[in-house]
Amino acid sequence: MKLYWFDNTLGDQREDHDSGRSVDPEYLSKLGVLYHHCPSVEAVDSIASERSYKNRDEIIVSPEKMGSAYEDKVKMFFNEHLHEDEEIRYILDGEGFFDVRGIEDEWVRIRLVKGDLIILPAGIYHRFTTDSKNYIKAMRLFKDEPKWTPLNRAPEVDRVHARQEYVSRA
């Protein structure tokens, strides 16, 4: 994992966009974001058990796997959004970025590589993209039935229960 402030320059979202200003991993904790390096699936299984994750699946995000839908999917994942449940991703192969909104509404970029596991709290605004290699394979973990419902940032989404709870904790 590598953490830094997103540089906010124009250009392809899949580029590093590294401002040169690093972010202390403790800052992620303040945002409610949890990070683990898991060298094996057994380590993931332990976390899944501790956090009551009952279901999982795998996703490959790449032009080879998604075909002509790839570019549209990557753009959709990069739209700022939140979920009403935790978002848990374990990187099985490849690399990608999760950007999360910081305390002052600035973007923190999190580069994830094979073996990294991230847990985003319900209600945090974030976005995702592959890196310039256009390939990532990830395990998605869920507490209940698999679902992935993004709520794109809008004034009415700020009033969603999960967002209100997140803001009161952060």
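How do the residues of the lining of the second largest pocket divide into nonpolar, polar and charged? In this predicted model, that lining divides into seven nonpolar residues, one polar residue and four charged residues.

**The largest pocket**

- About 330 Å³ of space lies in the largest pocket, and of the 16 residues that line this pocket, those closest to its centre are Glu84, Asp85, Glu86, Phe142 and Lys147.
- Strands β6 and β11 each supply at least two residues of this lining, and the largest share, three residues, comes from β6.
- By class, the lining of the largest pocket has nine charged residues, five nonpolar residues and two polar residues.

**The cavity**

- The structure holds one cavity of 30 Å³ or more, and the space in the largest cavity comes to about 190 Å³.
- Of the 13 residues that line the largest cavity, Phe77, Glu87, Arg89, Phe98 and Phe128 are the closest to its centre.
- The elements that give two or more residues to the lining of the largest cavity are β4 (55–61), β6 (87–94) and β11 (136–142).
- The lining of the largest cavity is made up, by class, of nine nonpolar residues, three charged residues and one polar residue.

**Aromatic rings and the charges over them**

- The structure holds three aromatic pairs, and in one of them the rings of phenylalanine 98 and phenylalanine 128 have their centres 5.0 Å apart and their planes at 50°, so this pair is tilted.
- This pair links distant parts of the chain, with phenylalanine 98 in strand β7 (residues 96–101) and phenylalanine 128 in strand β10 (residues 126–130), 30 residues apart.
- Phenylalanine 98 counts as buried because its relative accessibility is 3%, under the cut-off of 20%, and phenylalanine 128, with a relative accessible area of 13%, is also buried.
- Ring pairs link Phe98 and Phe128 with Phe77 into a cluster, and these three residues are among those closest to the centre of the largest cavity.
- Two arginines lie over other rings: arginine 109 is over the face of phenylalanine 97, at 4.1 Å from the ring centre, while the charged end of arginine 127 sits over the ring of phenylalanine 6, 4.8 Å from its centre.

**Helices with a buried side**

- In helix α2 (residues 41–50), the residues Val44, Ile47 and Ala48 are buried. Seen down the axis of α2, its buried residues fall within an arc of 100°, so they line one face of the helix. On the other side of α2, the residues Glu42, Ser49 and Glu50 are exposed.
- In helix α4 (residues 70–77), the buried residues are Tyr70, Val74 and Phe77. Seen down the axis of α4, its buried residues fall within an arc of 65°, so they line one face of this helix. The face of α4 turned away from its buried side carries Asp72 and Lys75, which are exposed.
- In helix α5 (residues 161–169), Ala162, Arg163 and Tyr166 are the buried residues.

**A glycine in strand β2**

- Glycine 20 is found in strand β2 (residues 18–22), and with a relative accessible area of 65% this glycine is exposed, since exposed residues are those over 50%.
- Glycine 20 and valine 160 are 140 residues apart in sequence, and their C-alpha atoms are 34 Å apart in space.

Note on methods: Residues numbered from 1 in each chain as written. Predicted model: local features only at pLDDT ≥ 70, side-chain atom pairs only at ≥ 80, totals over all residues. Heavy atoms only, no water. Phe/Tyr/Trp six-rings, centres within 6.5 Å; stacked < 30°, edge-to-face > 60°. Helix = DSSP H or I, 4+ residues; strand = E, 2+ residues; numbered from the N terminus. Buried < 20%, exposed > 50% of the residue type's maximum accessible area, 1.4 Å probe, protein only. Lys NZ or Arg CZ within 6 Å of the ring centre and 35° of its normal. 1 Å grid on protein atoms, 1.4 Å probe; cavity = no way out; pocket = protein on both sides within 12 Å on 5 of 7 lines; lining within 4 Å. Points joined across faces, edges and corners; volume = space filled by probe spheres on them. Nonpolar A, V, L, I, M, F, W, Y, C, P; charged D, E, K, R; others polar. Arc of directions from axis to C-beta.
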